[in-house]
Every structure is written in C-alpha cells, then in structure tokens.
Amino acid sequence: MKFQGSDQYVATQDLMLAVNAAVTLQRPLLVKGEPGTGKTMLAEEVASALKLPLLQWHIKSTTKAQQGLYEYDAVSRLRDSQLGDAATADKVRNIANYIVKGVLWQAFTADQPVALLIDEIDKADIEFPNDLLREIDRMEFYVYETRELIRARHRPIVFITSNNEKELPDAFLRRCFFHYIKFPDAETMRAIVDVHFPGLKQELLSAALKTFYDVRQLPGIKKKPSTSELLDWLKLLVAEDIPLEALQSKDEKVSVPPLVGALLKNEQDVTLFEKLVFMQRHNR
C-alpha cells in the first residue's frame, strides 16, 4: 500500500515519503505542525486513498489511556444487579456484558486492516503516551476483568497528531516515525486553494495570498492565521464579492484587509495590525 496523495489533499513529496515509511516500518506516524496544516485531514485522506476504514480517537485533557483499550462499567452492573429479575441476573453474572470496547480494541479486532487516528495526543496528561507504549508496540493488551488477551488481527496504520503543547516522552518517540508538516509556501498554497476554489481568479488569489503572508509575517503576532483560516477568508471574499481593489494597496504598504476577522482571532493581533497600518500611513 502506497500513499500518493489524493484529489482532495495536496501532499508534498516528503509527506508522502513519511506516510509510506511509517507503513513499511509498521510504526505509528507522529505528525506535528502548526494548527490548521492538515494533520488530522492527513489520516482521513490516507484512509480514503488506501480504501481503509478510519477509526478516530480525539484526545481531551481528561482522556485516559485506558479508555482507548476498554472501560468496565461497574455502575451499570450494580444497577442491573439491584433489579433482581431472572433475565437481568444472567446478564449480571457475565462481566463481559459490562466491558465497553475502546477505539484500540476495535482497531485490533477489526476483520480487515484499518487506519487509526489518535488526534492531539499532547492535550492529555504527560503519562498518557507512556501508558500506551506496550499496547502500540506489541499490538496487544490484557483484559483483567475477563482474563483475556486481545491481540491485533491486523496491524493498523496509526496516525498520531500533536500541536506541541507538551513534550512527548523519549520512549514514546522512539516507537514512532516522525514528520513535521512545514507551513506551505506560496506555490503549495496555490495548489491547496485550487483544490477548494478551482475557479478562483488568479489576480484575486495573488492579492489574497500577499495579504495573508503579510499578516503571518507581522512581528509580534500572537496567533498566525493558518491554511484553514485562509480558506475561510477566501470563501467569504467570494461570497461577499469583494473587489480586487479592496485587497491591493497602491503604495505596496500593508493595509487592513476586508473581513480581517477570518484571519486574526484575538484583539491583541487586530490592534497590533491596526497600529502597523497607522504607523506606515504617517511615515509616508
């Protein structure tokens, strides 16, 4: 199975090599990069291109590694035991009825190979990656309540994304193939935009890209706009029929773009941008 990109996802050559290397090595692909650079979408597109089912585990700050394996629903079992009828008594006697299978269990026991996305692993507790070391490495885990060993029928293609909110343990990193998605340059960005807006006028796109990269390069900006925010902005420009002149500055100086709220997402950055425009206008 080789990933060669897709019609809906512009993958650079180094990204395709990373995906295929992880598949060959049978190791999880750890993907880092700025928010909005397509880390989560990568797993979706690889699964689609390779015709594999995709299982997704979106990590939160409260997520525990055990939840990916299974959870024992003791509360439901206790409640059922208090009902006292014969039908419920048979159910209560079999503890397996109260084992809730997690995403990893589903991936391990699937009838065919699957793609598994563990999304934003750095949101969880620092011990979360360590708690999954053995299971991801050996592709098996033990269910103590039912005394059974769950082994993977087929090794899933595992994608793990991180926004670098926390450092991941060295032992965990050793078991992964790593790739950092660089922010797209203007040429790659044009290709990405063309997938989403194939009929967009090139003059409008050029002016929009210039403004977009000007905003990203603004010194001191707190939250740089991402690819997804550029696409949102372009969608608004087209929907509102914003003229090309509104994006162009006669003297090549930075100006506040229309619908700037699609690009800048906090008041500090908006204020900083407005100050820069004000200073440039008064330094003519």
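## Basis of the model

Because the model is predicted, local features need pLDDT of at least 70 and side-chain atom pairs count only at pLDDT 80 or more, whereas totals for chains, interfaces and linings use all residues. Residues are numbered from 1 along each chain as its sequence is written, and side-chain values use heavy atoms, with hydrogens and water left out.

## Overall build

The protein has 13 helices and nine strands, where helices (H or I, at least four residues) and strands (E, at least two) are DSSP runs numbered from the N terminus. Along its principal axes, the C-alpha trace spans about 85 × 45 × 35 Å. The radius of gyration is 24 Å, while a compact globule of 284 residues would have a value near 19 Å; this radius is taken over C-alpha atoms, and the globule rule is 2.2 Å times the number of residues to the power 0.38.

Of the 284 residues, 44% are buried, a word that stands for under 20% relative accessible area, with exposed meaning over 50% and partly exposed in between (1.4 Å probe, protein chains only). The accessible surface comes to about 15900 Å², and 50% of this surface belongs to carbon and sulfur atoms; such areas come from the Shrake-Rupley method with a 1.4 Å probe, and for residues only the protein chains shown count as cover. Among contacts (heavy atoms within 4.5 Å) with a separation of 6 or more, 73% join residues 24 or more positions apart.

## The largest pocket

Rolling a probe the size of a water molecule over the atoms shows where empty space is left. On a 1 Å grid over the protein atoms alone, a pocket is an open set of points with protein on both sides within 12 Å along at least five of seven lines, a cavity is a set where a 1.4 Å probe fits but cannot get out, and lining residues have an atom within 4 Å of a point. Grid points are joined across faces, edges and corners, and a volume is the space filled by probe spheres set on the points.

The largest pocket holds about 610 Å³ of space and is lined by 31 residues, of which Tyr 9, Gly 36, Thr 37, Gly 38 and Lys 39 lie nearest its centre. Its lining divides into 12 nonpolar, 13 polar and six charged residues, where Ala, Val, Leu, Ile, Met, Phe, Trp, Tyr, Cys and Pro count as nonpolar, Asp, Glu, Lys and Arg as charged, and the others, Gly among them, as polar. Helix 10 gives the largest share, four residues.

## The largest cavity

There is one cavity of 30 Å³ or more, and the largest cavity has a volume of about 30 Å³. Its lining includes Ile 121, Asp 122, Lys 166 and Glu 167, and the lining residues divide into five nonpolar, no polar and four charged.

## Single residues

Asp 80 lies in helix 4 (residues 74-81) and counts as buried because its relative accessibility is 11%. Leaving aside residues up to four places away in sequence, Asp 80 touches Thr 88, Lys 91, Val 92 and Tyr 98.

Asn 164 is not a glycine, although it has a positive phi of about 65°; Asn 164 sits in the loop between strand 8 (157-162) and helix 9 (170-174), and is partly exposed at 41% relative accessibility.
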